[in-house]
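Please examine the sequence and the three-dimensional structure shown here before reading on. The report that follows is intended as a guide for a first reading.

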Amino acid sequence: MMIHNPVLPGFNPDPCIFRDAERYYIAVSTFEWMPGVRVYASDDLAHWRYETSILDSPRMAALAGNPAGGSIWAPSMCWHNGRYYLVYTDAKNVSRPYKDSYNYITWAEDIHGPWSDPVYLNGAGFDPTIFFDDDGSMYYAHKILDYRLPLGPEVEHAGGIVIQRMDPETFALMGEPRKVFTGTKADKTEGPQIYKRDGWYYLIVAEGGTGWNHQVTVTRSRSIWGPYEADPNTPLLTSKDDPALPFQCAGHGSLVESFSGDWYMAHLMTRPLPDKGSVAVAPRPAPLGRETSLQRVEWTDDGWLRLAHGGHHPAVDVPVPQSAPVILNKARQTSSPVILSKGRQADVEGSLTSPSRLAFHDDFTALSLDPVHWNTLREMPGDWLTCGSAQGNAAQSGGAQEGAQEGAQEGAFVIRGGASPRSGFDQHLVGIRRTDHDFEACVDMAYMPGMFLNAAGMLLYLDVTRYLFLAATCDFDGNPVIGLLEDRNGEFSLVGDFQPWSGSGRLTMRVRGALADFLVTDDGLVDSAGSAGPAEPRVVAKDVDAGFLAGGFTGDFIALDCVDQNVRNATAATFRHFTYRPITA
């Protein structure tokens, strides 16, 4: 059996891999998407499933107003003496020369919680990690940022990696932080992870920035305090010297020893869109965002790490560990099942990388948001989202809305109107990750806007200034219409013309690489002869350039949204029968 990469497709960056006595886990960054810090689990390193999310309440994370690309960065997790530990960054500002980054630690005796109240550690840098030495001593490391250092195209005030003692009970930082590694000429040294083997302390870092020059650098020292020497054959992993590789931006590594004694490294990478020319040239858009892959690594006789397949390029397929029994929880006596929500089809059962995971259908019968797929922006859902049984559009301010649906109906999302897609506050947007270059997504929507400040529909969404919004709203004459709203790096426009909208129909986006079609199948439109027959899809916009929905720290989401800039929560949209499927031909 082989591990097929990426093991975590779509937006799943900055992986930290570890294991407990039973199975393997990978924690990934979630940035402004909630719940924060997704954790996936595997029994064999080849088949992965969503396990839990840790930052799932205002007590654990308050992200409202955080900028795009900020919030929850680079979680680091470990299991020590029966406890799970998580350290992470909440980035409140991402503009240079400063990064206002607050670092926290939390712990639990069960991976599913309850988790302790986060303890604030410091704000001197980001990408924190912890390490327990053989004598029980606890250490805290992170990247430090120094705004005084010169700033250039390839320099980000990278002050290096610092280490500090930490009290293992109170998490109080002890003594002064010591800089132990400044970095190599690859620069932008970050993402530290510390391991110990055969008397050596290994400090593994990401360098080159989380883009085309990304790499994994291995250093070591006989003392936790350094000095750390870099592997003379660095980097351990990179894609930067071959833009034709299917995986680019490879870096940000973490290690785990398998139950059979083999070693593996989790790392992030991207799958850029295929190059249209005969020669691959970086950079190419990577709309799926930064994903997670695994590489098998081996130790040399002189104590350095090498990729098991040789060289320093990421492999697509990697051997699984040698056969070894998984130690099961005696109280459970079974390995963890694939998690299925009530509203999901049985044919999605399997790992995230099995063929059956590619298609996803949700009839919205579950009574709460399913975090296996669905996420919200900066805040957990409040009273603006009703799942399962739903009442249709609420009356608008002044009671002017017609066609409001009465009574409860099974199988729906009802989203009440919130802030615009540009806002960092009170966005009522619910989305799933894009995991394929070519895909189709569709949803049934019932919604009647009362004015131009009302809008609802489906988005291909990257961040607050980069999205395509197939939205029902009102034109200048107050008529209900549907059209494609584009925000291209902060430049807002209407793509094509508005078309009539009856109040209910199916919205479809069909994306092939960097080109997207948007269609609507309207249930109630009457033709010029005054008859309404079976609805046919109408093209709202065709061959729209969607290549700008790439870059930054996150990845594309397919999202459902309802906006009411007139009176918050006064209007609502009802969504049913969502389907996402890859286009394979």
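The sections below treat the annotated positions, the nonpolar core, one histidine, and the aromatic residues.

## Annotated positions

The structure is a predicted model. The unreviewed UniProt entry places the feature "active site" at Asp-14 and Glu-190.

Asp-14 is found in the loop that runs between strand 1 (2–4) and strand 2 (16–19). Asp-14 has a relative accessibility of 6% and therefore counts as buried, since buried means under 20% relative accessible area. When neighbours within four places in sequence are left aside, the contacts of Asp-14 are with Ala-27, Val-28, Ser-29, Phe-31, Ala-74, Pro-75, His-252, Leu-268 and Arg-290.

Glu-190 belongs to strand 17 (residues 190–197). With a relative accessible area of 10%, Glu-190 is also buried. Residues up to four places away in sequence not being counted, Glu-190 touches Phe-126, Asp-127, Lys-143, Ile-161, Val-205 and Ala-206. With one of these residues, Lys-143, the side chain of Glu-190 forms a polar contact of 3.3 Å.

## The largest nonpolar core

Which residues touch the most other members of the largest nonpolar core? They are Trp-374, Phe-413, Ile-558, Leu-560 and Phe-578, in a core of 46 residues.

## The surroundings of His-437

His-437 is located in the loop between strand 31 (429–433) and strand 32 (438–446). A polar atom of the His-437 side chain lies 2.7 Å from the backbone oxygen of Arg-271. Leaving aside neighbours within four places in sequence, His-437 is in contact with Arg-271, Pro-272, Leu-273, Pro-274 and Leu-288, as well as with Val-511, Arg-512 and Gly-513.

## Aromatic pairs

How many aromatic pairs does the structure hold? There are 31 aromatic pairs. In one of them, the rings of Phe-31 and Trp-73 have centres 6.4 Å apart and planes at 50°, so the pair is tilted. Phe-31 lies in the loop between strand 3 (24–28) and strand 4 (33–34), while Trp-73 lies in strand 7 (residues 71–80), so this pair ties together parts that are 42 residues apart in sequence. Phe-31 is buried, with a relative accessible area of 2%, and Trp-73 is buried at 5%.

The rings of Trp-263 and Trp-299 have centres 5.6 Å apart and planes at 90°, so this pair is edge-to-face. Because Trp-263 lies in strand 23 (residues 263–270) and Trp-299 in strand 24 (residues 291–299), the pair ties together parts that are 36 residues apart in sequence. Trp-263 is buried, with a relative accessible area of 14%; Trp-299 is buried at 16%.

## An aromatic cluster and charges over rings

Phe-31 and Trp-73 also belong to one aromatic cluster, together with Phe-11, Trp-33, Phe-126, Tyr-461, Tyr-467, Phe-553 and Phe-557. Among these residues, Phe-31 is in contact with Asp-14, and Phe-126 is touched by Glu-190.

Elsewhere, arginine residues sit over tryptophan rings. Arg-178 lies over the face of Trp-225, at 4.1 Å from the ring centre. The charged end of Arg-220 is placed over the ring of Trp-200, at 4.0 Å from its centre.

How values were computed: Residues numbered from 1 in each chain as written. Predicted model: local features only at pLDDT ≥ 70, side-chain atom pairs only at ≥ 80, totals over all residues. Heavy atoms only, no water. UniProt positions renumbered as here; feature names shortened; annotations may be inferred. Helix = DSSP H or I, 4+ residues; strand = E, 2+ residues; numbered from the N terminus. Buried < 20%, exposed > 50% of the residue type's maximum accessible area, 1.4 Å probe, protein only. Contact = heavy atoms within 4.5 Å. Polar contact = N/O pair within 3.5 Å; in protein donor to acceptor, adjacent residues only side chain to side chain. Core = buried A, V, L, I, M, F, W, Y, C linked by side-chain atoms within 4.5 Å. Phe/Tyr/Trp six-rings, centres within 6.5 Å; stacked < 30°, edge-to-face > 60°. Lys NZ or Arg CZ within 6 Å of the ring centre and 35° of its normal.
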